[in-house]
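Please look at the sequence and the model first.

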Amino acid sequence: MQVSTPQQEKFSKAIFRKILVPFDNSKMSDRAFWHAINLNFKHKSEIIILSVFYSEQHSSSFLNYNTHQTVIEQKKLNEIKIKHKKLKEISEEHGIPCRTFIATSSSITQTVMSYVYSTKADLVIMGTRGNGSDRKLMLGSVSLEISQNAPIPVLLVK
């Protein structure tokens, strides 16, 4: 009979219950998503996927599709929506709950930080730089700013 110590029981519980993955449709953000999946095999934490579209004209954090269609090209928005759906399906195939969000903002960093707080995320997993199909989706300096200012651990993937 194996007896577990209080220390072992402490570490058997999920440390990260909610993992936020800022996603810009780049290879690095794909890798960040798969790291979140792999980290979840034991604990089945929730994955929260967030895509932030940069817009100088609108500072609203939440995307109103009707009023922002002229700001964000509909094609790129649809690509992200399709990718979010695929990532959610992959996550759920592995038994991992997943929520997705699309936002537009004049400050990608502030929006990601806002979602850290509003979703009560325990960990952020993100790429070190955005090289997606649209560089406006994630700026290269965002990962540095998030890693320095987030109140929770940040795992940078390269």
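The model is predicted, so local features need pLDDT of at least 70 and side-chain atom pairs count only at pLDDT 80 or more, while totals for chains, interfaces and linings use all residues. Residues are numbered from 1 along each chain as its sequence is written, and side-chain values use heavy atoms, with hydrogens and water left out.

**Salt bridges**

The structure holds 2 salt bridges (a side-chain nitrogen of Lys or Arg within 4 Å of a carboxyl oxygen of Asp or Glu).

| Pair | Closest N and O atoms |
|---|---|
| Asp30 and Lys83 | 3.3 Å |
| Arg99 and Glu46 | 2.6 Å |

Asp30 lies in helix H2 (residues 27-43) and Lys83 in helix H4 (residues 74-93), 53 residues apart. Arg99 in strand E3 (residues 98-105) and Glu46 in strand E2 (residues 46-54) are 53 residues apart. Helices (H or I, at least four residues) and strands (E, at least two) are DSSP runs, numbered from the N terminus. Glu46 is buried at 14% relative accessibility, whereas Arg99 is partly exposed at 31%. Buried means under 20% relative accessible area, exposed over 50%, and partly exposed in between (1.4 Å probe, protein chains only).

Val142, Ser143 and Ile146 are buried in helix H6 (residues 142-149). They are on the same side of H6, because they cover an arc of only 95° around the axis, taken from the directions from the helix axis to the C-beta atoms. The buried residues of H6 pack against H5, strand E4 (123-127) and strand E5 (154-157). Thr109 is found in helix H5 (residues 108-118) and is buried, with a relative accessible area of 10%. Leaving aside neighbours within four places in sequence, Thr109 is in contact with Val142, Glu145 and Ile146 (heavy atoms within 4.5 Å).
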